[in-house]
Amino acid sequence: MARGVTLCTLEVPVGVSESLEAIGCNVVLEEEGRWVGVRSPFYWDVGFTKMTQVIMVREVEHLSSADLDVDLTWLQDNASSLDPSSLPRGFQKGIGVMAFYHAKTADPDAVARLSSKQKMAFASFFYPAGVVGGELKMLTSTPMWGAAYFGKFRWLAKKVLTGQGPEKEPISWMLPIVLGMCFGAPVLVFLCGGIADRKSVV
């Protein structure tokens, strides 16, 4: 992508590779019209979970629902081999595959899929988004399953596709729960121990 191209009525100052690297991705594939980056952050705010994210970015003239199917299949087939983490999936570990598009036009069903909840497999997520005709299309609601991650997915999509959004990845709404578990459990153990000691004295 040429520098300075206008997307979503915004001036994006960097290319796709640079935008992927800016969010901590290692760019593992770069060819005409397609880039793939991999990042593997540790989310202490989501119950100390590690999530490998494989992000594909494509530039297409016209986006169809078939394009989404082909890219999802490729991402699912290659995600494990691109995963730098040795932790088994499901053991405080998940995989998110994301397909982001710059398209001049798109079929209505493809646009609908960009803005809809996608089917998910065990310990994995698929999150597509795209700039179509200058307008950002993405899922803005938060599904119940995996809700702690979707604010992060939206941040990734905005940063990669438009260059906008907060500088740092947003903290999950689960943080107070995680902190409560970390600090509340020792207090509870201490109180229970004190009660047990009093009973033994009596």
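Good morning. I begin with Phe 150, which is buried, with a relative accessible area of 3%. Please keep in mind that the model before you is a predicted one.

Phe 125 is buried as well, since its relative accessible area is 10% and the cut-off for buried is under 20%. The structure holds five aromatic pairs, and Phe 125 and Phe 150 form one that is edge-to-face, with 6.2 Å from centre to centre and 85° between the planes. Phe 125 belongs to strand β8 and Phe 150 to helix α4, residues 147–162, so this pair ties together parts that lie 25 residues apart in sequence.

Which residue of helix α4 forms another pair with Phe 125? It is Phe 153, and because Phe 125 lies in strand β8, this pair ties together parts that are 28 residues apart in sequence. Phe 125 and Phe 153 are also edge-to-face, at 5.6 Å centre to centre and 65° between the planes. Both Phe 125 and Phe 153 are buried. Ring pairs link Phe 125, Tyr 127, Phe 150 and Phe 153 into a cluster.

I turn now to helix α2, residues 65–82. At 1.5 Å a residue, its 18 residues should span 26 Å, and the C-alpha atoms at its ends are 25 Å apart, which agrees.

Which elements do the buried residues of α2 pack against? They pack against β6, β7, α3 and β8. Among these buried residues are Leu 68, Leu 72, Leu 75 and Ala 79. In an α-helix, residues three or four places apart point the same way, because there are 3.6 residues a turn.

Finally, Arg 34 lies over the face of Trp 74, at 5.0 Å from the ring centre. Thank you.

Key
Residues numbered from 1 in each chain as written. Predicted model: local features only at pLDDT ≥ 70, side-chain atom pairs only at ≥ 80, totals over all residues. Heavy atoms only, no water. Helix = DSSP H or I, 4+ residues; strand = E, 2+ residues; numbered from the N terminus. Expected span 1.5 Å × (residues − 1). Buried < 20%, exposed > 50% of the residue type's maximum accessible area, 1.4 Å probe, protein only. Contact = heavy atoms within 4.5 Å. Phe/Tyr/Trp six-rings, centres within 6.5 Å; stacked < 30°, edge-to-face > 60°. Lys NZ or Arg CZ within 6 Å of the ring centre and 35° of its normal.
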